[in-house]
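User: I am new to this structure. Please show it, and then I will ask about a few of its details.

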Amino acid sequence: MAALIARVVPIPPVRGRGWLLVERNLMVYRHDWLVLVSGFFEPLFYLLSIGVGIAPLVGNFQVGGHAVSYPAFIAPAMLAASAMNGAIADTTYNLFFKLKYAKLYDAVLATPLRPVDIATGEICWALIRGGLYSAAFLLTMLALGLVFSWWAVLALPAAVLVGFAFAAAGMAGTTFMRSWQDFEFISLAILPMFLLSATFFPLSTYPPVVRLLVELTPLYHGVALLRALTLGTPSWQLLVSVAYLAAMAGVSLWVSSRRIGRVLLK
Amino acid sequence: MGALIEARGLTKRFDSFVAVAGIDVDVFRGEVFGFLGPNGAGKSSTMRMIGCVSPVSSGTLRVLGMDPAVDGPRIRARLGVCPQENWLDEELTVRENLLIYGRYFGLPRRTLADRAAELLAFVQLTDKADAQVADLSGGMKRRLTIARALVNEPEIMLLDEPTTGLDPQARHLVWDRLIQLRQEGVTLVLTTHYMDEAEQLCDRLVVMDGGTIVAEGSPLDLIRAHATREVVELRFVAGRQQALAAEVADLADRVEVLPDRVLLYTQDGDAAANAVHQRGLSPPGILVRRSSLEDVFLRLTGRTLVD
Ligand SMILES: Nc1ncnc2c1ncn2[C@@H]1O[C@H](COP(=O)(O)OP(=O)(O)OP(=O)(O)O)[C@@H](O)[C@H]1O
Ligand SMILES: [Mg+2]
């Protein structure tokens, strides 16, 4: 994946200092660790409410010829969605505030750091944080008996990849935002995707046209990837999903770096 | 030795608006160089280009012998910047601001712990080390910004209005520190609206107006070239200035009429003031003073320098 991204994004081969933004965020959250901890619980509440509340009403599903319980079907989708939501929150609202109001990056750019360092640093932070939440989520799934294969070990890097794609895309979008109102567009993109990306129903239940549309969304690929890994039903097709998400991440990261430079270095 | 900062025909355009219109500037090692000018003169735009955070629209600029467009990060590693609006990290404490800023320059944590303590002492903020930045007063934030700019031991310091909004005491503290830095060999480039600040601190300065340089030299040179030795300020009842100016015009080398007073530029202020009295004009307020950069400025731009 790293090699692919290196080819897609022409980042100069200078040792990046993006890590320093991670250090900065760690410093902030040292004061505010409760906020960090609370992030663990949100996706778990989803999982529990659906697993305990809705599952008994739905019964089993057929996925790839296997009978699958509804919680086992939906848990990896929740994992993908929470990786998406976490990443988006970090690189949209939080980033916009730092970019436009706190003027954090104006001060940072007076040092040797470059726009690309800011982009990679903030995305890196989002991924570290998201990775921790995803790991906790996976462990909870394991404890609830919702993991069926050793392939699930790959679900963590896969969840991080989902986070990467959405963090970078969110950041790229945020650099175009003029005011808080513009964030409506993000909700407008996220909510239908969350509801329709084969999250709650198998893809086979959609009409063909809708199915095609769904297959074009990034969250669908994230869900497909994580579901196959936790259920233990991988196929070569997943490489398409990986490539899709990696390309989205790479292109968005490139756009973000360019745009941060454009917005701040006037 | 060559100039540390060398600008030729330096221009900054925002779309079609020209903020800096082709200025030539040389700043040499160890000097204090000032940009003086009213709001919108193009001071900050110039400083941002020198600080390598704003691309040059046309003309050439070399800082520390390098081209900002190519070597921005390498130049910035050797600059200390105190921007007009501080831009402190409000989510961190005072000490943390210095620590993380030093980290951005790639300095090791071990070095930074000591340096942060020294810098806090230097700007008299040791007591506030653990306070949140958001809780500091304006003057404290300014001092912290100056300390932050010093964390990488810069060769050149860029100070955009270092003392605007400070009370006299804080202002003097900042001046003392800047003079101290100058003695240590740091090259200082500053912008200001304050004439007394420019007179106190600057070895050389340029007066900017509307994106161009209208005069340059040492404060004393400028006063000699563009003003007389003394100035008599006459305060009359509003509305009568114009008429009275005509009556005293022959008493001075030059007369300037402002909304609230009339200025007589003359070599001998007391003599002019006496003559005004002898003519029975008896203005409610009369003041004889030495001329200052303010007068130079007024002469060059036809405006008073007030924000
Ligand atoms: N990013 C920008 N986009 C468009 N115009 C700008 C921008 N930055 C500055 N300007 C314009 O350029 C001119 C010069 O601005 P600049 O900030 O350099 O002035 P200044 O001398 O620093 O003024 P002040 O004393 O108020 O700080 C102003 O007319 C300002 O409106
Ligand atoms: Mg300014």
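Analyst: In the shell around ligand 1, α1(B) supplies the most, with three residues. Helices (H or I, at least four residues) and strands (E, at least two) are DSSP runs, numbered from the N terminus. This is a predicted model, where local features need pLDDT of at least 70, side-chain atom pairs count only at pLDDT 80 or more, and totals for chains, interfaces and linings use all residues. Residues are numbered from 1 along each chain as written, chains are lettered from A and ligands numbered from 1 in written order, and side-chain values use heavy atoms, without hydrogens and water.

User: How many residues surround ligand 1?

Analyst: A residue is near a molecule if one of its heavy atoms lies within 4 Å of it. Among the closest are Asn39(B) and His193(B). The residues that surround ligand 1 number 15.

User: How far is an oxygen atom of ligand 1 from an N or O atom in the side chain of Ser45(B)?

Analyst: A polar contact with the ligand is a pair of N or O atoms within 3.5 Å. Glu161(B) has a polar side-chain atom 3.2 Å from a ligand oxygen. For the side chain of Ser45(B), the distance is 2.6 Å.

User: Is Pro154(B) buried or exposed?

Analyst: Pro154(B) sits in the loop between α5 (138–149) and β6 (156–160) of chain B. Buried means under 20% relative accessible area, exposed over 50%, and partly exposed in between (1.4 Å probe, protein chains only). With a relative accessible area of 7%, Pro154(B) is buried.

Methods: A polar contact is a pair of N or O atoms within 3.5 Å; within protein, one must be able to donate a hydrogen and the other to accept it, and residues adjacent in sequence count only if both atoms are side-chain atoms.
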